[in-house]
Amino acid sequence: MISGYLYVSPFFIIFFLVGLFPILFSLYLAFQQWNGFSPMEFVGLNNFKIVLTDSLFWKSVYNTIVMGLLGTAPQLVVGILLAFLLNQVFLRFKQFYRVTIFMPYITSMVAVALVFSVLFSNQDSSMANYLLGLFGFDPINWGTSEWGTKIAISLMVFWRWIGYNTIIYLAGLQSIPGDLYEAARIDGASKFQQLRYITMPLLKPFILLTVFFSTVGALQLFSEPTVFLGQNAFTRSEAMTIVMYLYRDAFRLQSFGTASATAVILVIFIAVLAAINLYLTSGIGRKKKRGVGK
């Protein structure tokens, strides 16, 4: 038994050092006033009061939700459509298309930022402004305007994560036995009926998985706006997210107490929104109660 515990001990040691201990220490710091050097001072719920009464925090919540919806919701729908297309028998060069659509996920964030900074530069000759000009729209300052910044970052999130969700849906489609479709065709089921009664119910666990991960990822949005805006990321409010607000308090203002309080609030937001997503996507709320009287 001792040798067995020794074999599994590295996991628990690493988990305690980089997982459990930071969580507990952050929860403890949420009730302390500390700049990283001076002695800690217990302030109770004052850190939560400071955060919840800060207009910039609620601005970051608004930005996170908006960019989360713009960047993640469309990729779930488009991901399913692309997965259906890549799963078709008649499609040639399937492996090439699958690798190509997954490439953005493994691309370096620095390379992604460079590409999108060129596509969405503030100059009139940028690719995005050129396309807008073809449809008669005025150029947009993508790095400073309220909605221009949000749209550019949302497109970056969409482009980077669409392949990840597509591959998951594709794996779900390939796990469905072909015998079910063959039996449905023999019974006279149409393509739409096969999609409704076979594909979507069996694909449901994969949809729940992507919805959960997308919700958590959207609320933790940090890399894309930080890299896209560069030095202006923490001085402007157009794309300030909750995690960026947390990072600014901790490592720029040296206010680890309010940063930890923000982290606790973020965990609560993630838990609530994840529960809502699971409730809505699982169809629990749409089940009708059946009467038992005769």
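**Notebook: salt bridges in a predicted model**

I began with Glu238, which is buried, with a relative accessible area of 12%. I keep in mind that this is a predicted model. The side chain of Glu238 meets that of Arg236 in a salt bridge, with 2.8 Å from N to O, and when I looked up the partner, I found that Arg236 is partly exposed, at a relative accessible area of 30%.

Next I asked how many salt bridges a search of the whole structure finds. The search gives 5. I noted for myself that side chains of opposite charge can pair when their charged atoms come close.

I then turned to Arg160 and Glu224, whose side chains meet in a salt bridge at 3.1 Å, N to O.

My next entry concerns Arg248, which forms a salt bridge with Asp249, where the closest N and O atoms are 2.9 Å apart. Arg248 is buried at a relative accessible area of 16%, and Asp249 is likewise buried, with a value of 4%.

Last, I looked for residues that are linked in a network of salt bridges, and I wrote down Lys59, Glu146 and Lys150.

Methods:
Residues numbered from 1 in each chain as written. Predicted model: local features only at pLDDT ≥ 70, side-chain atom pairs only at ≥ 80, totals over all residues. Heavy atoms only, no water. Salt bridge = Lys/Arg side-chain N within 4 Å of Asp/Glu carboxyl O. Buried < 20%, exposed > 50% of the residue type's maximum accessible area, 1.4 Å probe, protein only.
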